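Try each task before reading its solution.

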Amino acid sequence: MRPDAAEPGEEEASDAFDPWLALQRVTDETRANIVADVVGHPKGAPSVDELDYTNPSLEPDTIRNHLKTLAEAGVVEELTVPAGQRTRGYPYKFYRVTERARELFDRNGLFPAEAWQRQYERVEKTPEIRELEAMPRPEE
């Protein structure tokens, strides 16, 4: 049985977002953990450094590869600080769940934001990670 991918009476959009593919990509345990950390992040858009901290068994390049897979499926989108506004030594790429994925998750009872935010807040963080959390995120 396919999950509830569309609102009642709504036909499948002709854009690139495929709800079934998005759900397939987030069923991988590692990617599900990454999505949960993105959803739980206080600003909803962590950097790879923050995801690396909350997923210590993964290498940063592995996290980037999973984020790429999630982005290709339309689950997450990359937010980039413009070149002239970057601060040396700090991340300039952040990742958030797309609106389409959030709607899909909500319709199917997946990744409830409040639950994952409470879980994320329970993680003991270093001063460096708290500083990264406090950084402003680009809008798009």
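**Exercise 1.** Which residues line the second largest pocket?

*Solution.* Start with the ground rules: this is a predicted model, in which local features need pLDDT of at least 70 and side-chain atom pairs count only at pLDDT 80 or more, while totals for chains, interfaces and linings use all residues. Residues are numbered from 1 along each chain as its sequence is written, and side-chain values use heavy atoms, leaving out hydrogens and water.

Next, the term: a pocket is an open set of points on a 1 Å grid over the protein atoms alone, where a 1.4 Å probe fits, with protein on both sides within 12 Å along at least five of seven lines; lining residues have an atom within 4 Å of a point.

Now read off the lining: Val81, Pro82, Gln85, Arg86, Thr87, Tyr90, Pro91, Met135, Pro136, Arg137 and Pro138. The volume of this pocket is about 180 Å³, the space filled by probe spheres set on the points, which are joined across faces, edges and corners.

**Exercise 2.** Find the residues closest to the centre of the largest pocket, then the elements that line it.

*Solution.* First, this pocket has a volume of about 230 Å³. Closest to its centre, out of twelve lining residues, are Arg96, Val97, Thr98, Glu99 and Arg102. Then look at the elements (DSSP runs numbered from the N terminus: helices are H or I, at least four residues; strands are E, at least two). Helix 2 (29-40), strand 2 (93-97), helix 5 (99-107) and helix 6 (113-122) each give the lining at least two residues.
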